[in-house]
Amino acid sequence: MSNLIETKYAIELKGVSKIFGSVVANDNINLNIKYGEILALLGENGSGKTTLMNMLSGIYYPDAGTISIAGDEVSISSPTDAINYGIGMIHQHFKLVEVLNAMDNIVLGTKEKYLKPKILKDKILNISSKFGLEIEPEKKIYNMSVSEKQTVEILKVLYRGAQILILDEPTAVLTPQETEKLFAILRKMKEQGSAIIIITHKLHEVLSVSDRVAILRKGKLIDTVKTEDSNEKQLTELMVGRPVSLKINRPEVESKKTILNVVDLSVMNEDGSLGLKNINFKLKRGEILGVAGIAGSGQKELCESIAGLIKIKSGAVLCNKENIIGKTPDEIINLGISMSFVPEDRLGMGLVGSMGMVENMMLKSYRKSKGFFIDKKPSRKLAEYLKNKLQIVTPNVDMPVRMMSGGNVQKVLLGREIDSNPNVLITAYPVRGLDINSSYVIYDLLNEQKLKGVAVLFIGEDLDVLLELSDRIMVLCNGEMKGIVDTKETTKEEIGLMMAGKSFKGVEGDE
Ligand SMILES: Nc1ncnc2c1ncn2[C@@H]1O[C@H](COP(=O)(O)OP(=O)(O)OP(=O)(O)O)[C@@H](O)[C@H]1O
Ligand SMILES: [Mg+2]
């Protein structure tokens, strides 16, 4: 193995192309990666990253070009082939069997599923400790957090002896702490000679974990740069193809009137613990109220209780002084409260994969229409408008959304919510999985809504963005509100401390 590591590329792509109908998803790509190297693959939504990786993992077969593994030209025509060539891919949507435990998932499809449980468990724990993975072999998948599931996926790949690991946006749904843990594992694998390709839209991650960066734009490989010689600005420009300004505005809006008043809201979890404890805040027209907190601090419960999706334990949510508790989700939507929560699985967000953008727009307007007959024209107009405005990459608005790239699917969903002309717009993690440029388009859109007088509740992950975009920030920790701060008067450090459980020194609760 050691000779191989020094002399041969782990992967060498020569002239690789992939075409879907009228879309050239990958155009004559020449790229290589060494053993003991971490390569970041960067590019806007729809630039062809997943497609390229899917040709290495046996999901797609190239229309042109060659792939060599460890110096030998190979033909990868199925995921099994890929595994046999030592390639393991961690997809954005996990492929684990929820009702089985970690151990059974890891050996699924291998001959070793007949091994004695004790031997199997030891073998798994051995691999985990070698790479610093933390795992409970007997825990069922459905009881696991996203990060735990990801660890199982990685172990599955390592168990099969993969020397080449591909990760498609593994950090999109991880907390910063979980991301650091993952990176520690990747660095360990690299030290042990693995070749790793990681796709991420977060430039600080690219700069922290990779050795080289390959940049794709509209299906073409634009450049490969050494990470140590690059910076965020250069990478963004290579990706987008022109200078971009990464600045978020915070327009001032006068005469704010309270539209949503949340009073002593408490929500019970299934296990009887409190998911939200006495939350109090007012949301005004023409403001963006940010919500900060580490994942699982009550963000989901907050969104779902306002949208009428879960039962609350006590308290009230007043929209224009009318209590909306007990109303159905449809009634709440009709009051002008729109909610979009971007979960880990983007296709599970209320879009139908087999339908195109137009029909997905109709799904929403259908609710409002009274009769059986619905006119397709407004939906088509809206789909075309969103395609332009959000720079959605798709050959046409009728192509099934499941064929669109991950980030573009998300733009469709978000655009549809924002366009419903709400009074209150609740948006959680809207830029998850979006490229930098698109993220800024979304921030602009939220500001546009604010200027129109919409009250925006913005649940975010990136503290810098929360601070730049929001007028005020509410901090959640363990289901409790640690206070609401004015973004002009606070610091990142102060918010960080509140996220960790410290109460705001000012008045607890409302301003
Ligand atoms: N099965 C398919 N049928 C038709 N078009 C497809 C298919 N798979 C991908 N495409 C198209 O190929 C292009 C590249 O998509 P890909 O998923 O590789 O992008 P990506 O760089 O991974 O984007 P993202 O950052 O949004 O995940 C897109 O225009 C997409 O619509
Ligand atoms: Mg992708």
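## A residue to start with

Asn28 is partly exposed, with 15 other C-beta atoms within 10 Å. Here a residue is called buried if 20 or more other C-beta atoms lie within 10 Å of its own, exposed if 12 or fewer, and partly exposed in between, with C-beta atoms placed from the backbone. Asn28 is found in strand S2, and it has a positive phi of about 55 degrees although it is not a glycine.

Lys321 also has a positive phi, near 70 degrees, and is likewise a residue other than glycine. Lys321 is exposed, with 8 other C-beta atoms within 10 Å, and sits in the loop between strand S14 (314–319) and strand S15 (322–323).

## About the model

This is a predicted model, in which local features need pLDDT of at least 70 and side-chain atom pairs count only at pLDDT 80 or more, while totals for chains, interfaces and linings use all residues. Residues are numbered from 1 along each chain as its sequence is written, and chains are lettered from A and ligands numbered from 1 in the order in which they are written.

## The overall fold

The protein chain has 17 helices and 20 strands; these are DSSP runs numbered from the N terminus, with helices (H or I) of at least four residues and strands (E) of at least two. Along its principal axes, the C-alpha trace spans about 70 × 50 × 50 Å. Of the 511 residues, 43% count as buried.

An automatic or database assignment sets the domain bounds: domain 1 covers 2–240, and domain 2 covers 257–336 + 462–511. The C-alpha centres of domain 1 and domain 2 lie 37 Å apart.

## Inside the protein

In soluble globular proteins, nonpolar side chains tend to be buried together. A nonpolar core here is a set of buried Ala, Val, Leu, Ile, Met, Phe, Trp, Tyr and Cys residues joined through C-beta atoms within 7 Å. The largest has 70 residues, of which Val424, Ile426, Phe458 and Met474 touch the most other members. Apart from it lies another core, of 65 residues, among them Ala10, Met53, Tyr85 and Ala172.

## Around the ligand

Which residues are closest to ligand 1? They are Asn45, Thr50, Thr51, Ser405 and Gly407, among the 19 residues that surround it; a residue counts as near if its C-beta atom, placed from the backbone, lies within 6 Å. Strand S2 (23–34), helix H2 (49–56) and helix H14 (406–418) each give two or more residues to this shell.
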